[in-house]
Amino acid sequence: KMHPAVAPYRNNLQLVKETNIVKELIEFEQSQLETKCYKFGVVYCGPEQTTDDEMYSNEEGSSEFNRFLKFLGSRIVLSGWDKFRGGLDISQNTTGMQSVYT
């Protein structure tokens, strides 16, 4: 299935049969592009919730919200996490036990 962002260009796309193109693209990206790490929050607002306190108190979201989080990235356990953590606690669970990593 074609991603909607690519659909307008479908007539201009060509299959690349060059086997080393992936390696060359990775080398180009590593040499030309600066990698940055970002953090952002996503808050679930349940039905009838109107205040920050109500929204921040949610421990679970709807099935639609969970599908959205799955679209954003992989759910990870924070305890012992060794990659970018965006300031989240990875030893005492003071900022939660799980997060989404992309």
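What percentage of the 102 residues of the protein chain count as buried? In this predicted model the figure is 13%, where buried means under 20% relative accessible area, exposed means over 50% and partly exposed lies in between (1.4 Å probe, protein chains only). Because the model is predicted, local features need pLDDT of at least 70 and side-chain atom pairs count only at pLDDT 80 or more, while totals for chains, interfaces and linings use all residues. Residues are numbered from 1 along each chain as its sequence is written, and side-chain values use heavy atoms, with hydrogens and water left out.

The protein chain contains three helices and two strands, arranged along the sequence in the pattern α-α-α-β-β. Helices (H or I, at least four residues) and strands (E, at least two) are DSSP runs numbered from the N terminus. The radius of gyration of the protein chain is 19 Å, whereas a compact globule of 102 residues would have a value near 13 Å; the radius is taken over C-alpha atoms, and the globule rule is 2.2 Å times the number of residues to the power 0.38. The C-alpha trace spans about 55 × 35 × 20 Å along its principal axes. Of the contacts (heavy atoms within 4.5 Å) between residues at least 6 apart in sequence, 32% join residues at least 24 apart.

Helix α1 has twelve residues, and the number buried is zero, so the helix lies largely in the open. Its end C-alpha atoms are 16 Å apart, in agreement with the 16 Å that the twelve residues should span at 1.5 Å a residue; the expected span is 1.5 Å times one less than the number of residues. One salt bridge is found in a search of the whole structure, the term denoting a side-chain nitrogen of Lys or Arg within 4 Å of a carboxyl oxygen of Asp or Glu. It joins the side chains of K23 and E27 (3.9 Å, N to O). Both residues lie in α1, four residues apart, about one turn of the helix. An α-helix has 3.6 residues a turn, so residues three or four places apart point the same way. K23 is exposed, at 55% relative accessible area, and E27 is partly exposed, at 42%.

Rings of Phe, Tyr and Trp (its six-membered ring) pair if their centres lie within 6.5 Å; planes under 30 degrees apart count as stacked, over 60 as edge-to-face and the rest as tilted. The pair of Y44 and F65 is tilted, with 5.2 Å centre to centre and 55 degrees between the planes. Y44 lies in the loop between α1 and α2 and F65 in helix α3 (residues 63-72), so this pair ties together parts 21 residues apart in sequence. Y44 is buried at 18% relative accessibility, as is F65 at 15%. W81 and Y101 form an edge-to-face pair, at 5.0 Å centre to centre and 65 degrees between the planes. W81 is in the loop between β1 (74-77) and β2 (98-101), and Y101 is in strand β2, 20 residues apart. W81 is buried, at 17%, and Y101 is partly exposed, at 29%.

Q49 lies in the loop between α1 (21-32) and α2 (52-56) and is buried, with a relative accessible area of 18%. Leaving aside neighbours within four places in sequence, Q49 is in contact with Y44, E54, M55 and N58. A polar atom of the Q49 side chain lies 3.4 Å from the backbone oxygen of E54.

How values were computed. Polar contact = N/O pair within 3.5 Å; in protein donor to acceptor, adjacent residues only side chain to side chain.
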